[in-house]
Amino acid sequence: MYRNRLLISIISVSLFAILGVAVLKAASSRNEPLISAKKVLVLGFDGLDPQILERLVQAGKLPNFKALMDSGEYRPLGTSVPPLSPVAWANFITGMNPGGHGIFDFIHRDPETMIPYLSTSRAEPPGQTLRLGKWVIPLSAGKVTLLRQGKAFWQDLEAQGIPTTIVRAPSNFPPVKSRQHQLSGMGTPDLQGTYGMFSFFSDEPAATYKIESGGDLFPVQVVNHQVRAKLLGPKNSFRADAPPSVVEFNVQIDPMNPVAKIAIQDQQFLVNEGEWTPWIHIQFDMIPYVTSVRGIVRFYLKEVRPHFKLYATPINIDPSAPALPISTPETYAEELLEEIGPFYTQGMPHDTKALSNGILDDGEFLQQAKIVFDEHMRLFEYELHRFKSGLLFFYTDRVDQLGHMFWRTMDSRHPAHDPASMYSHVIDETYKNMDRILGKARERLDSRTTLIVMSDHGFAPFYRAFNLNTWLHEQGYVKLADKAAAIDGAEILTSVNWGETRAYGLGINGLYINLRGREPGGVVQPGPERDALMNEIARKLQAVRDPKTGEQVIRRVYKTEEIYSGPALREAPDLIVGYNRGYRASWKSVLGKFPRTLFEDNTDKWSGDHAMAAELVPGVLIANRKIKSPDPALVDLAPTILNEFGLSKRDEMVGHNLF
């Protein structure tokens, strides 16, 4: 098995250490809301970019967008700083900036220990356990906590008896306490407690593949046309050594034809080469005959011969028996299963890591993405059909995820561009997919419905990666404990001499001062010394030029104390690095590493991005109402939706009504 150990240590959750004896419960049973005369339908299209949208509208390829723009109003929508999805959607949900809701990046750090952690949720094991031989029996329940601070605006609607349905909202796992319908979105883990760990089984030499993160490679042997293998599930914290739980399966390969039969837990599935199985329900036993956890998985038979290659999706939480709270009421996930069939419960279902690591090719990834989109369409149509009153919010990340992975196909400047690619149309097609969703929404509009189409940020090319920590080291702001460690192996947690370090980078856009009294090895005094250092670093960063192109690399450096407000400001990075179009922090720098070189060409299939200066990647706002503000922002939408129902915004909201 190959994985990026640091990344997994950040994102892994020991599922049954969280749960204790029983699965966590979400919300109390549903009370019937009042019927509201007003209806608001919000379509959240992650990553919808105004430049691409305008180009396709002008070309006549998006008739529903054009019709809504002509009859209503369209504006670019100011995004968050930084323009990262968990940050941006938290702005939308709370009407506050990160100083209020406390989400600053995908990755935060504990200033007392310097250990990175995922920004949106925290898992806590049971407080009391009893050890009986090899077994560990929890005496109290663990819990999962949503780290986003502040109330979601739909909680104010619920308090007034206005019905709400929130489908796949990011930064909302576990869902906020509510008696109304919610299905969690981005931030929801797979059954291993990660953002998504695929499994790949092959009889090719292990050295054929280099999986850096996001999946595991399992070498197998084909013996008498059979393959025996195991799926890894959540760690079994009922055992003293917490080994991973496993489910065994067997593959029988037809000796003549490109077909195989997968047998797993008394279920059998015949699958041709190049085909996917349906969702398969599986069960991991934790304590035999006492406790188990259920998941769902799909297999893709990539190749039968000359080599055996079988892909398995990340094991998703089973919506019929959720092992973690993914919906309110807790029966809502099961209701959706009964109405639309099994579906990805994983918050980020597109397996971009399988594509980046060469496990799936472009065409195979698009097959997987179509599975996701078809599920989202069934979910949207089900909720739209029964939408009679109140608020319906629906989210899809198709534009965002395919924008990340297929920008290279339409941009000849990109280092990963292949002029022979068959997929240069993919991004345009995703916008047509969104036009189809909008068309279904417009069909059901009536005079009492406000329709809002919005995105959290736009998009840009990602040509070159900048190694922020390497730059900080070269400029003397970071001191490594061993000079020889100034290579790819150096890491924030293990290689830094904190007594002589004044600043460090962690996360996609965050830069922290090693502040005395905050960091355990802090050396910079708060006040004038800190201020002068921030000014110096910001000035130098904005002066950095790419030696290959001569372009400015960093468009703007934001001081968080100047752009954030609220009680969470003290937890924020000191500076936010706003990269220029075409540039972004390297993946290694994100995790606090020190690559050898300052710049790298981005040859990854992850080729588009938005982790740049916020002014360069605005989102989109379109409504069937006139927008009075010339420069609307994400934080304005919560007050606007509340106002549509005659409710005032909360005092802590920094946005304003747009209509």
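Contact is defined here as heavy atoms within 4.5 Å. The model is predicted, so that local features need pLDDT of at least 70 and side-chain atom pairs count only at pLDDT 80 or more, while totals for chains, interfaces and linings use all residues. Residues are numbered from 1 along each chain as its sequence is written, and side-chain values use heavy atoms, with hydrogens and water left out.

Helices (H or I, at least four residues) and strands (E, at least two) are DSSP runs, numbered from the N terminus. Helix α11 covers residues 398-410. Of its 13 residues, 12 are buried, so α11 is largely enclosed by the rest of the structure; buried means under 20% relative accessible area, with a 1.4 Å probe and protein chains only. Among the buried residues are Arg 398, His 404 and Trp 407. Gln 401, also in α11, counts as buried because its relative accessibility is 5%. Leaving aside residues up to four places away in sequence, Gln 401 touches His 350 and Thr 352.

At His 404, α11 bends by about 55 degrees, the bend being the angle between axes fitted to the seven residues ending there and the seven starting there.

Strand β10 (residues 181-184) is covered on both faces, with His 181 and Leu 183 buried on one side and Gln 182 and Ser 184 on the other. Two strands pair if DSSP finds at least two bridges between them. Strand β9 (residues 164-169) runs parallel to β10 and is joined to it by four bridges, with Val 167 partnering Leu 183. Strand β22 (residues 327-328) runs antiparallel to β10, with two bridges, and here Leu 183 is partnered by Ser 327.

Key. Buried < 20%, exposed > 50% of the residue type's maximum accessible area, 1.4 Å probe, protein only.
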